[in-house]
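Reader: Hi, I have a structure open and I'd like to talk it through. Can you help me find my way around?

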Amino acid sequence: MAERAALEELVRLQGERVRGLKQQKAGAEQIEEEVAKLLKLKAQLGPDEGKHKFVLKTPKGTRDYSPRQMAVREKVFDTIISCFKRHGAEVIDTPVFELKETLTGKYGEDSKLIYDLKDQGGELLSLRYDLTVPFARYLAMNKLTNIKRYHIAKDFDIAGQFDPMIPDAECLKIICEILHSLQIGDFLVKVNDRRILDGMFAVCGVPDSKFRTICSSVDKLDKVSWEEVKNEMVGEKGLAPEVADHIGDYVQQHGGVSLVEQLLQDPKLSANKQALEGLGDLKLLFEYLTLFGIADKISFDLSLARGLDYYTGVIYEAVLLQTPAQAGEEPLGVGSVAAGGRYDGLVGMFDPKGRKVPCVGLSIGVERIFSIVEQRLEALEEKVRTTETQVLVASAQKKLLEERLKLVSELWDAGIKAELLYKKNPKLLNQLQYCEETGIPLVAIIGEQELKDGVIKLRSVARREEVDVRREDLVKEIKRRTSQPLCIC
């Protein structure tokens with residue numbers, strides 16, 4: 001191996017020498033002599049000639065998407081975007097990377113997951129970790145104090161000074177609408193408030209300096225047992241065992257508005273100003289959720305912590321209660337599929353004058369949702385259409401390519417999604433089979449007799465029925481027959 005590496009280095013150096021001589025316009029004889037040396041060295045390397053062997057793979061943590069997978073993604077995206085638009089959101093976009101200082105100190109223990117980029121022109125850059133911090137930077141930079149936006153078909157935020165809990169309730173309504181529309185199984189949205197958490201930590205005796213790190217431990221309760229979380233708090237983070245036990249008495253409780261009312265009567269918790277404010281807002285929130293008809297989908301869960309540092313009020317996370325139970329499907333354990341909360345102080349971190357813009361938002365876990373939908377389709381062996389082609393222009397005899405090209409152009413110009421096979425004289429059977437394989441619902445067949453009669457034979461692929469349609473009426477008839485939304489499943 002070492003000998004080969006040394007030989008490869010000699011080939012590289014000799015190649016540079018040849019290129020240098022050519023640039024210097026050295027004598028032809030000298031260049032020819034050095035080229036001969038280079039070829040001799042390459043011959044010693046063998047058939048690989050020292051070329052680098054590429055590993056054909058995507059980078060760790062990334063993947064390609066096939067046409068089938070993209071069809072599923074677009075269907076999910078369309079469902080999400082239509083809901084965002086129904087609620088009056090505008091769309092924005094921000095760069096995929098930000099100045100490193102923009103992202104630093106905003107994510108708590110998750111900050112270690114930020115990817116730094118190499119120095120580019122004197123600026124220290126990092127890939128954005130989420131879409132919330134870039135949105136806050138966008139608001140501060142553009143001096144915006146009021147906007148309802150969505151971003152890349154997954155994030156939705158409401159920025160502005162409004163009456164308490166109305167925007168928060170709408171965000172929870174949006175999560176419920178999207179998950180219901182996607183039909184990925186029964187779900188529950190857990191709700192808590194960072195002020196209640198901080199108040200709870202205070203009355204339990206957690207030092208101020210440990211609030212965020214203990215919050216991060218509590219956030220793991222959806223994945224591990226209370227005993228494991230307690231061991232982490234005491235053994236790794238230095239919390240007193242009796243303080244951890246006191247926390248455990250609270251964080252293992254969950255329920256509805258009745259739990260809120262119960263905690264309002266808790267003598268220690270209700271004596272804490274932050275906790276009292278949070279509980280009061282949650283009580284109001286449940287009133288609005290009842291009016292929206294989604295209170296039965298919401299659970300007040302004291303174990304919900306959401307480890308990101310920028311949350312200041314209500315926080316929430318949607319989880320699947322059970323996997324879809326349709327025939328032939330395998331169990332799917334995917335956990336959280338949406339989350340969000342209120343972050344009233346984040347924009348002020350970027351504003352030169354520290355002006356705050358209250359914000360609340362949500363993020364849909366699109367990758368997890370895609371995996372559910374994909375596995376369901378695979379389990380049921382459902383066919384997925386990867387194109388939206390309405391009609392294939394076909395011919396029944398030979399030497400009709402020009403007529404097919406004329407007709408397909410007419411259909412394209414009329415806004416019809418049409419295709420034709422790229423052969424001069426394709427067999428009719430092959431054209432029909434192509435339609436069945438790709439899910440194209442109609443075939444417009446041209447034949448010599450049809451040309452004489454001024455008609456096109458329109459065939460329904462599914463019913464295998466044909467009808468003559470006058471050429472001038474073809475567009476109207478195709479639109480009539482394909483007016484129903486195309487489904488991917």
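Author: We'll go from the overall layout to single residues.

Author: Keep in mind that this is a predicted model.

Reader: OK. What domains is the protein chain divided into?

Author: There is domain 1 (1-45), domain 2 (67-379) and domain 3 (391-483).

Reader: And what separates the centres of domain 1 and domain 3?

Author: The gap is 61 Å, with the centres taken over C-alpha atoms.

Reader: Now the sheet. How many strands form it, and in what order?

Author: It has 9 strands. The order is 1-4-5-11-10-9-6-8-7. The sheet is open, and its pairing is mixed.

Reader: Which are the edge strands?

Author: Strand 1 (90-91) and strand 7 (254-255). Each of them pairs on one side only.

Reader: Let's look at strand 6. Which way does it run relative to strand 8, parallel or antiparallel?

Author: Strand 6 (residues 187-193) and strand 8 (residues 298-301) run parallel, joined by 3 bridges. With strand 9, strand 6 pairs in the antiparallel sense, over 7 bridges.

Reader: What holds paired strands together in general?

Author: Strands in a sheet pair through backbone hydrogen bonds, and the pairing can be parallel or antiparallel.

Reader: Take Lys-190. What is its bridge partner in strand 8?

Author: Ser-299. In strand 9, Lys-190 stands opposite Glu-317.

Reader: How many residues of strand 6 are buried?

Author: 7 of its 7. Both faces are covered. One side has Phe-187, Val-189, Val-191 and Asp-193. The other has Leu-188, Lys-190 and Asn-192.

Reader: Next, helix 7. Why call it largely enclosed?

Author: Helix 7 (residues 194-204) has 9 of its 11 residues buried, so the rest of the structure largely encloses it. Among the buried ones are Arg-194, Asp-198, Phe-201 and Cys-204.

Reader: What covers the buried residues of helix 7?

Author: The cover includes strand 6, strand 8 and strand 9 (314-320). It also includes helix 8 (211-218), helix 10 (241-251) and helix 12 (273-291).

Reader: Which contact should I look for at the start of helix 7?

Author: Find Asp-193. One of its side-chain oxygens reaches to within 2.8 Å of the backbone nitrogen of Arg-195.

Reader: And what is just after helix 7?

Author: Gly-205, which takes a positive phi of about 100°.

Reader: Change of topic: the nonpolar core. Which residues touch the most other members of the largest one?

Author: Phe-84, Val-189, Phe-201, Ile-247, Phe-300 and Tyr-316, in a core of 96 residues. Helix 6 (residues 166-182) gives the largest share, 9 residues. Another core, of 17 residues, lies apart from it, and Ile-416 and Leu-474 are among its members.

Reader: What is Ile-247 in contact with?

Author: Leaving aside neighbours within four places in sequence, its contacts include Met-200, Phe-201 and Cys-204. Trp-226, Met-233 and Leu-239 are also among them.

Reader: Where does UniProt place a "binding site"?

Author: The unreviewed UniProt entry lists Asp-130, Leu-131, Thr-132, Asp-157, Arg-306, Tyr-310 and Tyr-311.

Reader: Is Asp-130 buried or exposed?

Author: Asp-130 is buried, because its relative accessible area is 14%, under the 20% cut-off. It sits in the loop between strand 3 (125-127) and helix 5 (132-141). A polar atom of its side chain lies 3.3 Å from the backbone nitrogen of Thr-132. Leaving aside neighbours within four places in sequence, Asp-130 contacts Tyr-107, Leu-308 and Tyr-310.

Reader: Where is Arg-306?

Author: In the loop between strand 8 and strand 9. Arg-306 is buried, with a relative accessible area of 16%. Not counting residues up to four places away in sequence, it touches residues including Arg-194, Asp-219, Tyr-311 and Glu-317.

Reader: Last one: where is Gly-341?

Author: In strand 10 (residues 336-342). Gly-341 is buried, at 1% relative accessible area. Gly-341 and Tyr-316 are 25 residues apart in sequence, yet 5.9 Å apart in space, C-alpha to C-alpha.

Conventions. Residues are numbered from 1 along each chain as its sequence is written. This is a predicted model: local features need pLDDT of at least 70, side-chain atom pairs count only at pLDDT 80 or more; totals for chains, interfaces and linings use all residues. Side-chain values use heavy atoms; hydrogens and water are left out. Two strands pair if DSSP finds at least two bridges between them. Helices (H or I, at least four residues) and strands (E, at least two) are DSSP runs, numbered from the N terminus. Buried means under 20% relative accessible area, exposed over 50%, partly exposed in between (1.4 Å probe, protein chains only). Contact means heavy atoms within 4.5 Å. A polar contact is a pair of N or O atoms within 3.5 Å; within protein, one must be able to donate a hydrogen and the other to accept it, and residues adjacent in sequence count only if both atoms are side-chain atoms. Domain bounds come from an automatic or database domain assignment. UniProt positions are given in the numbering used here, feature names are shortened, and annotations may be inferred rather than shown by experiment. A nonpolar core is a set of buried Ala, Val, Leu, Ile, Met, Phe, Trp, Tyr and Cys residues joined through side-chain atoms within 4.5 Å.
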